[in-house]
Each structure stands twice: as C-alpha cells, then as structure tokens.
Amino acid sequence: MPAVNLSANNPQLTAPEKDVPTFSPKAVSVVYVLGGPGAGKGTQCANLVRDYGFKHLSAGDLLRAEQDRQDSEFGGMIREYIADGKIVPMEVTVQLLENAMTDDIKSREGGGGRFLIDGFPRKMDQAIKFEESVCPSKFTLFFDCPEDIMQERLINRGKTSGRADDNAESIKKRFKTFVETSMPVVDYFEKEGKVVKVSAIKSPDEVYEEVQARMKQRGFEMAGK
C-alpha cells in the first residue's frame, strides 16, 4: 500500500502540532488498558465503567466504526490493516481517541472525566504522541495472560462474535504483533512506575477482585464512595 498523507486526505483526522496536551491530567484521568488479544480487557473495562464512572474507549472499536463509516477516507485502509493484524497509522488512532474524549467531556458538567482507553497504546509512537498532544496517562492496567489461554478464548469467541479477526490465522498475527510492538510499551511505562500488572488467568470475578485492590492502591475509589 502506498504511503498515505493523512493531513492532506482528511484534515479532521490529523490534529495540528501542539505545545501542550489538549487535556490537563488534573481534570482528566486516563488509564490505558493493555493485554494480549483474549486477555479479557473488555470484560474488566465493563466492570470499571459500572463501578468507577469511567468512559470506556476502545481503540479497536473506534477504528472498526471508522472503517464502516460511509464517507470515511480511511475505511479501506483500516480494514486491510486490521485483517492483516497490523497496527493502523498512529495519526488516525490518536485523533479518533481525542475526538471521542472531546465529545464525552463536552457532555459532562465541569469539563473533566475518567477514561479507560482499551487496546492502546499499541506502539511506542502512539504512546508518545498521545501523552504529548492529548493527555498524560495515570498508569497502564496490564492484563497478563499466557498465549495458549488467550488463543482458546478467542477461538471460542469467534464462533459467535462475527469479528473478521477472530480466526486462527488472524489470531496468530495479532499475538505476534502484540509481543513485538505492545510489550515494549508496557516495559517503557513499567520503568516509569506507571504499570499495574494483573494476572488474567483466573475467572473474570477473581481477576476483578485484584483489579479493585490495585485501583484503590492508585487512589481510585468506586463511584459514590
């Protein structure tokens, strides 16, 4: 595929260079959620939204919605990247996330918010771009799970999910991409003391018990408490 000039093709998807992030970390709390495909990120994010008042933003869901949008400049490109298990160009993903955060914050009184960003950042350039131009994160919630367990979960999910990437060939590509590109992001933030690692082998309820304990350690109380 030829190189894509994102700013020329669709200026709405490419933010201008900024000296400071769009959102202040004093008003907006961002928690990244990472883990291999099938680690259970979506289930745990739903729990956190329910109990902690987070807005759940899935980078993958935003990209899939954009690929299906009728007048999208990048629908075909996104579809090809996802099918191949590759990472969509950084500018597109970061801008879609910023747009979604802006829409949510505008709907709230006080202009603040809590955001769980699921499946992001998947590469170092995404992490750096988002931290510098959108909002510095509080920490990364990392769900650690062996590959064989994740593969079994995904194959079972593929029987009913209808997702094009829940098949054996795409799953292998996604595992490879995660290890090569996302684990360096986890390692980077871990050196900064900004990773909360949770074992995702146990049942969803048991995993969430650990998540709650770790959230409290980081100063996050359940909504209404």
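View 1. Leaving aside residues up to four places away in sequence, M101 touches F23, V28, V30, L57, F115, I117, F130 and V134, where contact means heavy atoms within 4.5 Å. The model shown is predicted, so that local features need pLDDT of at least 70 and side-chain atom pairs count only at pLDDT 80 or more, while totals for chains, interfaces and linings use all residues. Residues are numbered from 1 along each chain as its sequence is written, and side-chain values use heavy atoms, with hydrogens and water left out. M101 is, together with V28, V30, I117, F120 and F130, among the residues with the most contacts inside the largest nonpolar core, which has 26 residues. Such a core is a set of buried Ala, Val, Leu, Ile, Met, Phe, Trp, Tyr and Cys residues joined through side-chain atoms within 4.5 Å, and buried means under 20% relative accessible area with a 1.4 Å probe, protein chains only. At least two residues of this core come from each of β1, α5, β3, α6 and α8, and α5 supplies the largest share, 6 residues. Another core, of 24 residues, lies apart from it and includes V31, Y52, L116 and I171.

**View 2. Helix α6 and what covers it.** In helix α6 (residues 124-133), the buried residues are Q126, A127, F130, E131 and S133. Among the elements that cover these buried residues are β1, α5 (90-106), β3 (113-118) and α8. Helices (H or I, at least four residues) and strands (E, at least two) are DSSP runs, numbered from the N terminus.

View 3. Of the 6 residues of strand β4 (residues 139-144), 5 are buried. β4 runs parallel to β1, to which it is joined by 4 bridges, and V31 stands opposite F139 in this pairing. β4 also pairs in the parallel sense with strand β5 (residues 195-199), over 5 bridges, and there T140 has V195 as its bridge partner. Two strands are taken to pair if DSSP finds at least two bridges between them.

**View 4. The largest pocket and its lining.** The largest pocket holds about 830 Å³ of space and is lined by 36 residues, of which P37, K41, R64, R163 and R174 lie nearest its centre. A pocket is, on a 1 Å grid over the protein atoms alone, an open set of points where a 1.4 Å probe fits, with protein on both sides within 12 Å along at least five of seven lines, and lining residues have an atom within 4 Å of a point. The volume is the space filled by probe spheres set on the points. α3 gives the most to this lining, with 5 residues.

Notes:
Buried < 20%, exposed > 50% of the residue type's maximum accessible area, 1.4 Å probe, protein only.
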